[in-house]
Amino acid sequence: MHYVTAGESHGPCLTAIVSDVPAGLRVSEKDIDADLQRRQSGYGRGGRQRIESDHARVLSGLRFGVTLGTPISIQVVNADWRNWQDRMAAFGSRPDDLVREVTPRPGHADLVGALKNNTDDCRDVLERASARETAARVAAAGIAREFLADLGVDIRSYVTRIGSAAYHEENPMMQAPDYSPLDIEMSDVRCPDAAASDAMRKAIDAARDQGESLGGTFRVVVTGLVEGLGDFDAGPNRLTGQLASAVFSIPAIKGVEFGLGFAAAARGGSEVHDPITRTDKDGFSRATNNAGGLEGGMSTGMPLIITAAMKPIPTLAHPLATINMDTMEPAEASRERSDVCAVPACAVVAEAEVAFVIAEAYMRKFGHDNMVDIKSALQDYRLRIHTQSR
Ligand SMILES: Cc1cc2nc3c(=O)[nH]c(=O)nc-3n(C[C@H](O)[C@H](O)[C@H](O)COP(=O)(O)O)c2cc1C
């Protein structure tokens, strides 16, 4: 299952096309919109989220709420387009009074994108480089998520740090799968701990007061996975690399860890690797999950736990120094309406990216055509593994 998106931040709409979708999958418009809503929310978001009320409009590939096995196109309208129609028109000439963006923001695609594409207006770049595009990714991933839910796979995320305010967990690799989704979603920073949520909100308030911005860390947790997704036979087939690439494709992601991640490098092997266990009832398992659900580039059947780091938002109320591309003189970077912190939203985008990789891994292993055949292949595989491990 793959997706492609099109659309500018202030264009009429974002579009996503999801291909290689199996037939016979029930899709709920309400569930996709709920994910779009989760991406829009979060303490620290900027004014744009008050303008938009994202809704996924499915234009093809579904009949009576069930997939046809054909490409699914989804549209998410940009309500802000009404304020930009003249400046973002697809045809016609530039308005005489158009204000070009000539003071590129450090930390954004503005400068390198403008040089690379030979434009004198950074808006030609920033409109597409904007994280507004991630709304289309979340809408597209609604299909992958429904597919995975039908196979018993659940994907969620929670925030572990915003700036210096951290949620200190005793043993996150064992605890994370048990956090209540309700506790996470009831927190406007998407952290399951009330005291840590409070500290994170305070950090955001302090940053806003100082004209500062913040990044942070979050985890994506996937449960219900079958063992053996991905492969050990060749680098590109390793699920580990595919997941890392997908999470790194999100703007502002600067680190991705699996299981203990970087902390594993400071420990001895006996403190890191997960002893293999077996019971007659459940077959093979692991006593711990420091590997975060991956061994040898494949899923182990234990919860998949990915931690990612997001850099602070680059658009600042007190802009950093830059160079005016018209005059080549020092200047202040331009200011777009901006989030102070978008870590809770970024975690939802990461869920979407992970959903596509896992969905594709299931389809590679259990077939592509229709849900009945895929589920039956999965059931046979599970039975074989279960029998073999008893
Ligand atoms: C969900 C989300 C929301 C974001 N919101 C903003 C924002 O409001 N203002 C901003 O300057 N950057 C925002 N960013 C970050 C930029 O998109 C990102 O820093 C920029 O594209 C460059 O990142 P890169 O160097 O990692 O590619 C957001 C990122 C995400 C994932």
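The lining of the largest cavity divides into six nonpolar, two polar and two charged residues. Here Ala, Val, Leu, Ile, Met, Phe, Trp, Tyr, Cys and Pro count as nonpolar, Asp, Glu, Lys and Arg as charged, and the others, Gly among them, as polar. The lining residues are Arg105, Pro106, Pro314, Thr315, Leu316, Pro319, Leu320, Ala333, Ser334 and Arg335. The volume of the largest cavity is about 50 Å³. The count of cavities of 30 Å³ or more comes to one.

The model is predicted: local features need pLDDT of at least 70, side-chain atom pairs count only at pLDDT 80 or more, and totals for chains, interfaces and linings use all residues. Residues are numbered from 1 along each chain as its sequence is written, and side-chain values use heavy atoms, with hydrogens and water left out.

Voids are found on a 1 Å grid over the protein atoms alone. A cavity is a set of points where a 1.4 Å probe fits but cannot get out; a pocket is an open set with protein on both sides within 12 Å along at least five of seven lines; lining residues have an atom within 4 Å of a point. Grid points are joined across faces, edges and corners, and a volume is the space filled by probe spheres set on the points.

The largest pocket holds about 830 Å³ of space. Its lining has 42 residues, and His108, Ser130, Ala131, Arg132 and Asp339 lie nearest the centre. By class, that lining has 18 nonpolar, ten polar and 14 charged residues. Helix H2 (48-51), helix H4 (123-129), strand E11 (253-258) and helix H10 (343-366) each give at least two residues to it. H4 supplies the largest share, four residues. Helices (H or I, at least four residues) and strands (E, at least two) are DSSP runs, numbered from the N terminus.

Axes are lines fitted to C-alpha atoms, for helices over the stretch in contact, and angles run from 0 to 180 degrees between N-to-C directions.

| Helix pair | Axis distance | Angle |
|---|---|---|
| H9 (239-248) and H10 | within 8 Å | roughly 150° |
| H5 (134-150) and H10 | 8 Å | about 40° |
| H10 and H11 (371-388) | within 9 Å | roughly 80° |

That makes H10 roughly perpendicular to H11. Tyr362, Lys365 and Phe366 of H10 meet Asp373, Ile374, Ala377, Leu378 and Tyr381 of H11; contact means heavy atoms within 4.5 Å. This contact has six nonpolar, no polar and two charged residues.

H9 and H10 are roughly antiparallel. Angles under 35 degrees count as roughly parallel, over 145 as roughly antiparallel, 65 to 115 as roughly perpendicular and the rest as oblique. On the H9 side, the contact uses Leu239, Gln242, Leu243, Ala246 and Val247; on the H10 side, Glu353, Val354, Val357, Ile358, Ala361 and Arg364. Eight of these residues are nonpolar, one is polar and two are charged.

H5 and H10 are oblique to each other. H5 contributes residues including Arg137, Ala141, Ala144 and Phe147, while H10 contributes residues including Val349, Ala352, Phe356 and Ala359. The contact of H5 with H10 has 15 nonpolar, one polar and four charged residues.
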